[in-house]
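Me: Hi! Could you walk me through this structure, one question at a time?

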Amino acid sequence: MADEKPNGSGAPGGPPAGDRLTYEDSGVDYDRIDPLKVLAQRAARATGANLERAGAHTGVREVAASRGESAYVVDIGDAYLASITECLGTKALVADAMREVQAESGVSRVSGPPVSKALGRTWYDHIAQDTIATAVNDLVTVGARPLSIHAYWAAGSSDWFDDTERMNDLVDGWKAACNVLGVAWGGGETPCLTGVVEEGAIDLAASCVGIIRPKSRLTLGEDLAAGDAIVLLESSGIHANGLTLARKLSERLPAGYATVMPGGRKYGEALLDPTVLYPPVTEAAFEAGIGLRYIANITGHGWRKIMRHPGPFTYRITEVPPVPEVLQFMVEETRQTAEEAYGSLNMGAGFALFVRPEDGDAAVACAEAQGIRAWVAGVVEDGPRQVVMEPLGVTLSGESLALRD
């Protein structure tokens, strides 16, 4: 890795170690979590034989190359089906905390005149979109069009369901996100898990099924090659990854989530900006005939996800998108290095399209037609598996992303 340097993207160089707060300090250590994923992949791969045996009767077979990707794919004959299950994480805890902050200040919404209520805005309309986005943004990376979504809402006690405003916002936000995506909300599960989920909290997750038709839309990276363009799509903020670190940081801030950032917004409010829904961009790209070689959702592991493809490629980044204020604020307050920040947070880029060299500008146009900024940010090269961020003087090595068996 090159020496860290201060830069205009909100990732300062090496600060005094005693002032720093890392993702591992907050309780999330991918080096300890990822081995379970690899262990599960090994066991899961062996079960593919079950589907193979059943194929004589069902006509369904797995696409083995999809194992290790963001969604699992099966061949149903004239099309492929893809599926995924994802969990929101701890962002709902930030929503609950910000509701109390607003209640203490006597307002129930971000703008407009104060409204007298016992509690402030719930933010669960945003939380609903975040949860759905964790699933659908993974699903479309294999070329799928989302069809249906199922909800998993596990509360720590029955008391959670007594808050009708919060409950209605969750339902309305979930429905609204489904309508944006053009998918059916198929159902779900709402268990009360006393003793498993903390009292007063809720664990939110979503599963999604999508179809890949025509089958030529299947995008697993077989055609990825040196010279392909890397197109990065903007994020709206922290999205749903890094919230454990964000929550830990709030404990160190003078006013917690109510701390006002330099731009004038409260820290907690900015954390709750909803995750971008990227399926409209991939759909537009397929319809436009853009040569999509590979697709990556930049979530946990940050920009290391750019090298999710298992091949021996170097991903050379020549343009770094601007960093949302909330992420810049987090990096400065936690005193993280650029390598740490870009290795765990999205830092302004929530999604990556790898396209034929001649399709870079067209991919950008597709994204911007959907209201999402995008950049031809770099190029794929033959070489060691790594992400080289030239503007920052930082290299993320392939050894730092161990998601595959």
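Me: Where is His301 found?

Reply: His301 sits in the loop between β8 and β9. Strands are DSSP runs of E with at least two residues, helices are runs of H or I with at least four, and both are numbered from the N terminus. Before we go on: this is a predicted model, where local features need pLDDT of at least 70, side-chain atom pairs count only at pLDDT 80 or more, and totals for chains, interfaces and linings use all residues. Residues are numbered from 1 along each chain as its sequence is written, and side-chain values use heavy atoms, with hydrogens and water left out.

Me: Thanks! Is His301 buried or exposed?

Reply: His301 counts as buried, because its relative accessibility is 1%. Buried means under 20% relative accessible area, exposed means over 50%, and partly exposed is in between (1.4 Å probe, protein chains only).

Me: And what about the phi of His301?

Reply: His301 has a positive phi of about 80 degrees, although it is not a glycine. Most residues other than glycine have a negative phi.

Me: Which residue other than glycine has a positive phi near 60 degrees?

Reply: That is Arg335. Arg335 is in the loop between α8 and α9 (338–342), and it is partly exposed, with a relative accessible area of 30%.

Me: OK, new topic. Which residues does a cis peptide bond join?

Reply: A cis bond joins Arg213 and Pro214, with omega about 0 degrees. Pro214 lies in the loop between β6 and β7 (229–234). Most peptide bonds are trans.

Me: Now the pockets! How much space lies in the largest pocket?

Reply: About 1,200 Å³. On a 1 Å grid over the protein atoms alone, a pocket is an open set of points with protein on both sides within 12 Å along at least five of seven lines, while a cavity is a set of points where a 1.4 Å probe fits but cannot get out; lining residues have an atom within 4 Å of a point. Grid points are joined across faces, edges and corners, and the volume is the space filled by probe spheres set on the points.

Me: Which residues are closest to its centre?

Reply: Of the 47 residues that line the largest pocket, those are Lys37, Thr85, Glu86, Asp138 and Lys305. The largest share of the lining, 6 residues, comes from α1.

Me: How many aromatic pairs are there?

Reply: A search of the whole structure finds 11. Rings of Phe, Tyr and Trp (its six-membered ring) pair if their centres lie within 6.5 Å; planes under 30 degrees apart count as stacked, over 60 as edge-to-face and the rest as tilted. Tyr267 and Phe329 form a tilted pair, 5.5 Å centre to centre with 50 degrees between the planes. Tyr267 is in helix α6 and Phe329 in helix α8 (residues 325–334), 62 residues apart. Both Tyr267 and Phe329 are buried.

Me: Nice. Why is the pair of Tyr315 and Phe354 edge-to-face?

Reply: Their planes are at 70 degrees, with ring centres 5.8 Å apart, so the pair is edge-to-face. Tyr315 and Phe354 are both buried too.

Me: Last one: what does Cys87 touch?

Reply: Leaving out residues up to four places away in sequence, Cys87 touches Thr134, Asp203, Leu204 and Ala205. Contact means heavy atoms within 4.5 Å. Cys87 is in strand β3 and counts as partly exposed at 37% relative accessibility.
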